[in-house]
Amino acid sequence: MPFSIATWNVNSLRARMDLLLYWLKSRKIDVLCLQETKVEDGQFPKEIFEELGYHVLFKGEKAYNGVCILSMYPFKSIKKDFGNIEGEQKRILEASIDDFTIINAYFPHGKIPDSSSFYYKIDFVEGLRLYLDENFGSNDNLILTGDFNIAPEEIDVFDADFLKNAIGFHPREREALLYLKEWGFIDLFRHCNKNVKGYTWWDYRNSSFKKNKGMRIDHIWASEKMAEHCKKCIIDKEMRGKPKPSDHAPVIAEFG
DNA sequence: ATGGTTGGCTTCCAA
């Protein structure tokens with residue numbers, strides 16, 4: 001049975017509610033990972049998604065961060081506590097659905113290279129790799145998705161030379177990201193779209209979207225076994241051009 | 001290209 005998995009940093013769930021509901025009604029999304037929900041659990045609009053048929057898993061805080069998984073299929077198990085990796089911030093959720101496990105992660109931004117925020121980011125990425133080593137094997141069907149806040153390769157940014165030491169493309173971040181990927185992941189967008197330039201984030205400032213000055217920092221990664229069943233992976237760029245957009249576009253992977 | 005937009009909350013922080 002074919003199904004789809006998507007990720008979208010909505011930059012505030014409540015500010016994006018109309019656009020998100022429009023999007024969910026015009027696409028067929030079976031499992032959706034959201035980041036930067038920016039809403040405390042007590043104020044999460046769970047019922048709206050349940051009315052659409054989704055099972056809802058969320059973990060948030062006031063004003064910052066926050067993650068959510070919506071699934072048309074029931075959760076077989078869930079995990080919300082990743083204290084050693086994320087610290088006090090609400091950034092990671094894990095759920096087992098059908099025959100796979102999905103991890104939704106909102107990686108730290110990092111602010112400026114070499115800052116304390118930067119090393120929190122590096123530690124987060126390396127901590128996630130250690131967690132995977134301890135909890136999953138290469139035969140598991142595993143998806144790691146979310147806003148990674150790192151572009152992997154030169155093709156994934158609008159100007160690799162200009163951005164060579166910028167946050168999101170700094171060599172130290174890309175090194176950590178490669179280490180994480182070498183757990184055994186396939187980058188589904190790159191797997192399905194060889195040599196295609198595609199971005200998932202454009203700064204709100206400087207008319208970046210109009211000039212298409214973006215970065216591919218939101219990813220859907222699959223373990224090798226699971227990647228074999230991926231038929232298509234696209235960036236839904238149209239959503240970035242709508243009124244009151246998030247600064248990120250959704251990424252959708254289709255499996256069959 | 002070296003500026004300035006957005007969201008949440010508040011007189012600024014994070015992205």
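How many nonpolar, polar and charged residues does the surface near DNA strand B have? By class, that surface has seven nonpolar, four polar and nine charged residues. Ala, Val, Leu, Ile, Met, Phe, Trp, Tyr, Cys and Pro count as nonpolar, Asp, Glu, Lys and Arg as charged, and the others, Gly among them, as polar.

## Basis

This is a predicted model, in which local features need pLDDT of at least 70 and side-chain atom pairs count only at pLDDT 80 or more, while totals for chains, interfaces and linings use all residues. Residues are numbered from 1 along each chain as its sequence is written, chains are lettered from A and ligands numbered from 1 in the order in which they are written, and side-chain values use heavy atoms, with hydrogens and water left out.

A residue is near the strand if one of its heavy atoms lies within 4 Å of it. Of the atoms of DNA strand B that come within 4 Å of the protein, sugar and phosphate account for 54%.

A phosphate oxygen of DNA strand B lies 3.3 Å from a polar side-chain atom of arginine 16. Tyrosine 204 has a polar backbone atom 3.4 Å from a sugar or linking oxygen of DNA strand B. For asparagine 206, a polar side-chain atom lies 3.3 Å from a base nitrogen of DNA strand B.

## Largest pocket

The largest pocket has a volume of about 900 Å³. A pocket is found on a 1 Å grid over the protein atoms alone, as an open set of points where a 1.4 Å probe fits, with protein on both sides within 12 Å along at least five of seven lines; lining residues have an atom within 4 Å of a point. Grid points are joined across faces, edges and corners, and the volume is the space filled by probe spheres set on the points.

The lining of the largest pocket has 38 residues, with His109, Ile167, Trp201, Asp203 and Arg205 nearest the centre. Two or more lining residues come from each of α4 (116-135) and β11 (214-215); α4 gives the largest share, three residues. By class, the lining has 14 nonpolar, 13 polar and eleven charged residues.

## Sheets

Helices (H or I, at least four residues) and strands (E, at least two) are DSSP runs, numbered from the N terminus; two strands pair if DSSP finds at least two bridges between them. One open sheet of six strands has mixed pairing and the order β5-β6-β7-β8-β12-β9. β5 (75-79) and β9 (185-187) are at its edges with a single partner strand each, so one side of each has no neighbour in the sheet. β9 and β12 (residues 218-223) run antiparallel, joined by three bridges, and isoleucine 186 stands opposite alanine 222 in β12.

Another open sheet of six strands, also with mixed pairing, has the order β3-β4-β2-β1-β14-β13. Its edge strands, β3 (55-59) and β13 (230-235), each pair on one side only. Five bridges join β3 to the antiparallel strand β4 (residues 67-71), where cysteine 68 stands opposite phenylalanine 58.

Definitions and conventions. A polar contact is a pair of N or O atoms within 3.5 Å; within protein, one must be able to donate a hydrogen and the other to accept it, and residues adjacent in sequence count only if both atoms are side-chain atoms.
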